[in-house]
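Reader: Could you walk me through this fold? I'd like each label set against its cut-off.

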Amino acid sequence: MSGMKRTPERILLPVSPVFIAFSLFVAFMLNLQPWGHWIGVPDFVALVLVFWGIHQPKRVGIGIAFCMGLLMDVNDATLLGENALAYTLLSYFAITLHRRVLWFPLKKQVWYILMLLLATQLIQILVQHIVGHHISSWLYLIDSCVGAMLWPVVTMILLAPQRRAVDTDMDRSI
């Protein structure tokens with residue numbers, strides 16, 4: 001084992017509540033863009049809510065997901081509560097699965113994220129169907145696939161401020 005170089009494990013710094021709020025704001029602003037409703041463009045708010053629900057379940061919970069959902073409902077001019085319900089359930093399931101998801105490497109986490117995002121979209125479709133809105137196409141579900149593929153990038157970006165520099169001093173215990 002002396003010939004093998006061990007890669008240091010990263011210790012994350014505590015996340016700043018300001019950074020969490022900023023990331024949710026940026027995700028909301030990305031959803032507000034004109035291309036935010038095109039087929040293949042993921043729901044950035046849902047993606048960031050899943051990330052924080054998995055990585056910081058005590059700081060970003062169901063209440064924040066509900067408020068973000070109401071903001072998206074007002075923005076999209078949809079039935080008030082449609083996105084709020086979907087984001088609330090998304091947050092609940094992300095918090096429920098957070099320990100299991102973090103156990104896997106990023107490539108395998110993508111499958112959990114895909115299922116969570118698909119469930120969110122199916123809830124939205126179900127609500128639209130109950131109200132009587134016509135669902136245009138099943139291509140709508142491509143958004144979840146793109147969001148799941150972006151999961152490793154989103155994880156690297158949102159964890160970047162929490163990463164410590166790799167310490168090369170071999171005499172220190174920490």
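Reader: To start, what pattern does the protein follow, read along the sequence?

Author: The pattern is α-α-α-α-α-α-α. The protein has seven helices and zero strands, where helices (H or I, at least four residues) and strands (E, at least two) are DSSP runs numbered from the N terminus. This is a predicted model, so local features need pLDDT of at least 70, side-chain atom pairs count only at pLDDT 80 or more, and totals for chains, interfaces and linings use all residues. Residues are numbered from 1 along each chain as its sequence is written, and side-chain values use heavy atoms, with hydrogens and water left out.

Reader: What makes helix 1 and helix 3 roughly parallel to each other?

Author: Helix 1 (residues 17–32) packs against helix 3 (residues 62–76) at about 25°, with the axes 11 Å apart. Axes are lines fitted to C-alpha atoms, for helices over the stretch in contact, and angles run from 0 to 180 degrees between N-to-C directions. Angles under 35 degrees count as roughly parallel, over 145 as roughly antiparallel, 65 to 115 as roughly perpendicular and the rest as oblique. Helix 1 and helix 3 are therefore roughly parallel.

Reader: Which residues of helix 1 and helix 3 make that contact?

Author: Helix 1 brings Leu24, Phe28, Asn31 and Leu32, while helix 3 brings Ile64, Met68, Leu71, Met72 and Asn75; contact means heavy atoms within 4.5 Å. By class, that's seven nonpolar, two polar and no charged residues. For the classes, Ala, Val, Leu, Ile, Met, Phe, Trp, Tyr, Cys and Pro count as nonpolar, Asp, Glu, Lys and Arg as charged, and the others, Gly among them, as polar.

Reader: Why is Asn31 called buried?

Author: Buried means under 20% relative accessible area, exposed over 50%, partly exposed in between (1.4 Å probe, protein chains only). Asn31 has a relative accessible area of 4%, so it is buried. Asn31 sits in helix 1, and leaving out residues up to four places away in sequence, its contacts include His37, Phe44, Met72, Asn75 and Tyr87.

Reader: And what makes Gly69 buried?

Author: Its relative accessible area is 0%, so Gly69 is buried too. Gly69 lies in helix 3 and, neighbours within four places in sequence aside, is in contact with Asn83, Ala84 and Tyr87.

Reader: Which residues of helix 2 and helix 4 meet?

Author: From helix 2 come Val45, Ala46, Leu49, Val50, Gly53, Ile54 and His55, and from helix 4 Tyr87, Leu90, Ala94, Ile95, His98, Val101 and Leu102. Eleven of these are nonpolar, three are polar and no residue is charged.

Reader: What makes helix 5 and helix 6 roughly antiparallel?

Author: Helix 5 (residues 106–131) and helix 6 (residues 142–149) pack at about 150°, their axes 8 Å apart. That is over the 145 cut-off, so helix 5 is roughly antiparallel to helix 6. In helix 5, Val110, Ile113, Leu114, Leu117, Leu118 and Gln121 meet Asp143, Ser144, Cys145, Gly147 and Ala148 of helix 6. The classes here are seven nonpolar, three polar and one charged.

Reader: Why does Gln162 count as buried?

Author: Gln162 has 3% relative accessibility, so it counts as buried. Gln162 is found in the segment after helix 7 (151–159). Not counting residues up to four places away in sequence, Gln162 touches Ile11, Leu12, Leu13, Val15, Trp52 and Gln56. Gln162 and Ile11 are 151 residues apart in sequence, yet 8.4 Å apart in space, C-alpha to C-alpha.

Reader: How many residues does the protein have, and what share of them is buried?

Author: Of the 174 residues, 38% are buried. As for contacts with a separation of 6 or more, 68% of them join residues 24 or more positions apart.
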